[in-house]
Structures are given as C-alpha cells and as structure tokens.
Amino acid sequence: ADPDAMFKEGWLAAVRKERPLDEPVVTRFPPEPNGYLHIGHSKAIAINFGFARFHGGKCNLRFDDTNPEAEEEVYFTAIKDIVRWLGFNPASIMHSSDFFDDLYELAEKLITLDGAYVCHCTDDELKDQRGGTDLKKKHERYACRHRDRPTEESLAEFRAMRDGKYKPREAFLRMKQDLSDGNPQMWDLVAYRILEKPHHRTGDKWRIYPTYDFTHCLCDSFEGITHSLCTTEFILSRVSYEWLNNKVDVPHKPMQREYGRLNITGTVLSKRKIKKLVDDKIVGGWDDPRLYTLVALRRRGIPPGAILSFISELGVTTATINIQIVRFEQSIRKYLEMTVPRLMVVLDPIPVIIEDLPDDYHEEIENAFGPKDVDMGIHKLPFTKKVFIERDDFREVDSKDFFRMAPGKPVGLLKVPYPVVATSFKKDDATGLVTEIYAKYDKPPEGEKIKKPKAYIHWVADASEHGSPVKCEVHVFNPLFKSENPDAVEPSFMADLREDSLKVYPNAMAEVGLKEIMERAPWPEEAGEKKDKCGYESVRFQAMRMGYFCVDKDTDEASGKIILNRIVSLKEDAGK
Ligand code: ATP
Ligand code: MG
Ligand code: MG
C-alpha cells in the first residue's frame, strides 16, 4: 500500500484545502506523558507526522504535561523512542510546560477581559449548576455566585491561588463562556486548578496548573500549528477551542479537525488494565509481545513499516475503526511475506538418522534466502547423516490422509535433492515419546527418475563443526483473551484470560543461516531502523512452514542464549 495514499485524497486532503495552500503546514502529535503509547496512537502519529511530511511542512512532538500527578520521566523517553522507531523526526520537541508563563499571562488577560472568574464551588455544586447528574431530575443550568464578581477581585484571587492562599479544590479559575449554549464545552470550563505537586520540568515554581481545555488551543497557537488534528471525542471541544483563541485574540489561529479513533478488538488498551496485567504478572511487562502497546509490537518484531502500511490501508475518515486482531495480523503477514528472508527452524526437534549415508557425510546445499521473486542472496546449508525434524511431522502409524513422515512413506526434506523414508523408530517407555527415527535416503538407481514426494518438511542438520544447529528458545504467542471484547466481560476482563497465550519451546533449533541474518539485519532497512542501532527485533525471518519470527531483545549471544519470538503465524488460525 502506498503510505501516502491517505494524504492524496479523502478526508485529509479535504482538510488540507481548508487552509490557504501556500501556508506551510505545521502539525503536532500531543501525547500526555502518562503511559506507553499503543497501536491507536500510531494512527495519530502517522496522521500528524505524515500529513506534515507529505505537504513539505513540519510536525512537533508536544508533551502535554499539565498534570504533574500522572506524568513520569520514563514515558517521555519511551514516547520519543517510539516516534523515531516509526520513522519520524519531530521538527521540535515541545512541552506544554514550556509555555506556563505565557499561559499564565493570557489567563490574567482573560480575567481582565471579563472572560474568566475565580470560583470556590465544590465538584457537586459545579455539576448541579450544569443541570445536575440525575437524568430524571434535570433542571435549568444556572450561574454560580462567583460568576459576577468584579474582575479586579478575580484577578486578586487568581494571584492568591498562585501564591498559595488556597488548598487544592478550594479555588478554580473558570472561563466565562455561554451557559445558554447547548454545548457542555461552553458551560464555564475550568481553566486552572491547584495541584500541590512539583512538576518534573518546572519544579515547585507553580502550584496552579492549566487544564487541557485552556492549554491545548493556546499552545497550538504559540507553536504556529495550522492543522490541529485530533480524535472525534474532541468534536464538542472545537467550539471552546475557538472561543478561547478568539477571546484572548491570539495572533495565530490554528484549525482543529477530528478523525476517527483506531481500536483493536480482542485486547485491552487502557493503561489501568494493562497495568493490572503487568502488576499481576500475567504478562512480563509493558513490552510483553502479547500486548498492543507499541513497545510490545516492536518487541514482537512487527516492522514499523508494516504498522504504517496497515494504518494507510485503513484510511482516515471521521468514523471510529474497530479492527480484529486477525485482520491486523493479516496485514502484517502480507508485509512480511516479501520483505524478510526464509530459514528453517525446528521448534520441537526429534533426530532422524539416515542410515545409508556414511557417518561423516556432509553436503553443502545452496539455498536462497528470499522468496522466488526477491533476491536476498544465498546461504549454504549443511546436510548430514543426522538431522532434526519437527515432532509434529512424524506419525508412528501411516495413514492415507497423512503426507509427512511415517514408516514406509517417502517425504521430502526441504532443499534436499532426494526424499527420505522412515524405516523404524525408538520410543521412551516412560513418556511414550518418540526419541529417534531411522530412515533411508531414497536416491533412485542411476538413470531412474526421482519419485516426487507428496510433502516437504523442514529440518536442521546435526553438524556442530559447521555451527548447526543454532540452539534457541522459541516463544509462540496467542491472543491473551478469549473473547472479542474483554472489556465487556463480567466481573472483569481478568475473567477472559486464555491459559495458552504463551507457548515456550525451550529446545528449538535453527539452521546456520540465522547467524548470518543476525549480522545482516535489518532486512531491508526499515523506517527508523538504522543498521548502527537496530535492535534484535529487526532480525526478522520466515521460519518455513512455522511462521514469521524475530530475535527477542533478551537474547545474549555471548552466553549462547538466543530467544525467538513468533511475530505471526503463516496463515490465520495456524498454530492455535
Ligand atoms: P489518555 O492518555 O487520557 O488515556 P489518550 O491516550 O487518548 O488518552 P493522549 O496521550 O493525549 O490521549 O494521546 C495523544 C494523541 O493520540 C491524541 O491526539 C489522541 O487523540 C490520539 N489518540 C489516542 N488514542 C487514539 C486512538 N485509539 N486512535 C487514534 N488516535 C488516538
Ligand atoms: Mg495517552
Ligand atoms: Mg489524554
């Protein structure tokens, strides 16, 4: 998919035309640094950064850090990293707190213009003034007793709020909007509140902090934002956004427009719920590959380019999009199919001894890394008397509908010139598991044609002097939840957890090509992933017949511990 398609036509193209075409585009991506970003945020990132890039403009990363109670340093770093990983470079990194002085000045200006007043009402009083919360007993909205106090008095009280006269919740600055308007965003919103918390950037300089409604439109103006793109839950806020910018008459007037959110179904995205999964050790951390945070998708090996192409396929309109995990995975699979090399990995190995080959038999088989029509070079595959195959690919008793390895049936080993035929096997009496298979090489006599076997299976040679096999631990992930909507499950989403969301194969074996692609990654160079600093997650490949995999970040090559994560299966439903 053309990642720029969404800017060329449709909703975003129309939004561009609402401003003069000779005005340089300036956008911003404005996360609150209070958590890790998730898949939904990648839509906001792709739209804001992509729109600016497409139109030759610029996009800032703005940390909307007006609530010191929720914000932490780690999130700033994590958000910066993930934006870069997705392939975008912010024109400037801004903070709402960079503008605390300017915002304060405009708050005083607003009071002077009779556009704001200091209010001492409680939360309950505020709700009652807005018509009450009981739907059956709704009453007329009414102004609070502080609304008509003289502006000089409000100004003095606002300064007193700033200087420490009041405790949290004892005083607010409220905008004087229009109570007769049907839009709740016009019902005298709070502009400033008291929070006795030091701020990570301004320390204890402030004890009053501006709200989102007061801050966002003004910061957009300060930064020269032309198109302030946000999600549709802010539609009603557009009126207060414009009201405030007009009332204090900022010289630059940005334009807010709203697009539909992207949700993934079958998982949870809320910070509180993910935190519970982390705290209860259901998952290993915020970057557990079963989650849909961007750090988790990154660790699972999903390429940044695949996420951008997924967003682009969905397109942008005002409609909220709900996407099932299977549909997301289908898009990732399509992307990986043509971009990653192919190797063989055996997850649960059993040895096969090809008895008629000499003990020191060693053949080098040339094998292409790429799919048929993509050249990714070749590598050499040792083929020896003893190889390992997948336990699932062997049956003790043959049957007509089974085409893989069974006694008496010829089966192909991928890339090996002739088929092999199992002759007998050994079992462990205690476990009942097959421990060793004996086979013969089905090389036809000189002059005779090879009988093509019905199926080919993957394998890895036992050739330690040639570095084979590469031992590894493989992690296969399934959805964390049973249902499409874990949020709706009673008594809680925790009752919807699947038992089998992680399957570990501790004794897996990869062919030697794995070492080679670890040196050559990323294949190809991805947006955001530069050779000098690409992580293990960008070592991606298709394990033939088994799925797409990447190397996990906990891999430690020095001590020989290699962990592979399955990114997605080869086909929908495979391996569940
Ligand atoms: P909260 O942090 O209050 O849970 P949030 O994550 O939606 O809410 P921000 O951290 O402010 O809020 O998000 C930054 C930007 O990303 C906002 O412009 C927001 O509209 C956008 N965004 C958040 N979630 C999604 C989503 N699911 N789809 C598209 N855009 C989103
Ligand atoms: Mg957020
Ligand atoms: Mg928010």
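Trainee: Which element gives the largest share of the shell around ligand 1?

Mentor: Keep in mind that this is a predicted model. To read a shell, you sort the residues around the ligand by the element they belong to. Here α3 provides the largest share, three residues. The elements giving two or more residues to that shell are α3 (39–54) and β10 (262–265).

Trainee: How many residues surround ligand 1, and which are the closest?

Mentor: There are 15 of them, with H41, T231, R261, L262 and K271 the closest. By class, that shell splits into six nonpolar, six polar and three charged residues.

Trainee: How much of the accessible area of ligand 1 does the protein cover?

Mentor: On its own, ligand 1 has 590 Å² of accessible area, and the protein covers 80% of that.

Trainee: Now the empty space. How do I find it?

Mentor: The general idea is that you roll a probe the size of a water molecule over the atoms, and you see where empty space is left. In this model, ligand 1 takes up the space of the largest pocket.

Trainee: What is the volume of the largest pocket, and how many residues line it?

Mentor: Its volume is about 950 Å³. The largest pocket has 46 lining residues, and H38, H41, T231, E233 and R261 lie nearest its centre. Sorted by class, the lining has 19 nonpolar, 18 polar and nine charged residues. Elements supplying at least two lining residues each include β1 (26–29), α8 (212–222), β8 (227–231) and α10 (271–279). Both α3 and β10 are on that list as well.

Trainee: And cavities: how many of 30 Å³ or more does the structure hold?

Mentor: Six. Take the second largest cavity, which has a volume of about 70 Å³. Among the residues lining it are P289, R290, Y292, F477 and L480. By class, its lining has six nonpolar, one polar and three charged residues.

Methods
Residues are numbered from 1 along each chain as its sequence is written. Chains are lettered from A and ligands numbered from 1 in the order in which they are written. This is a predicted model: local features need pLDDT of at least 70, side-chain atom pairs count only at pLDDT 80 or more; totals for chains, interfaces and linings use all residues. Side-chain values use heavy atoms; hydrogens and water are left out. A residue is near a molecule or strand if one of its heavy atoms lies within 4 Å of it. Accessible areas come from the Shrake-Rupley method with a 1.4 Å probe; for residues, only the protein chains shown count as cover. On a 1 Å grid over the protein atoms alone, a cavity is a set of points where a 1.4 Å probe fits but cannot get out, and a pocket is an open set with protein on both sides within 12 Å along at least five of seven lines; lining residues have an atom within 4 Å of a point. A molecule sits in a cavity or pocket if more than half of its atoms lie within 2 Å of its grid points. Helices (H or I, at least four residues) and strands (E, at least two) are DSSP runs, numbered from the N terminus. Ala, Val, Leu, Ile, Met, Phe, Trp, Tyr, Cys and Pro count as nonpolar, Asp, Glu, Lys and Arg as charged, and the others, Gly among them, as polar. Grid points are joined across faces, edges and corners, and a volume is the space filled by probe spheres set on the points.
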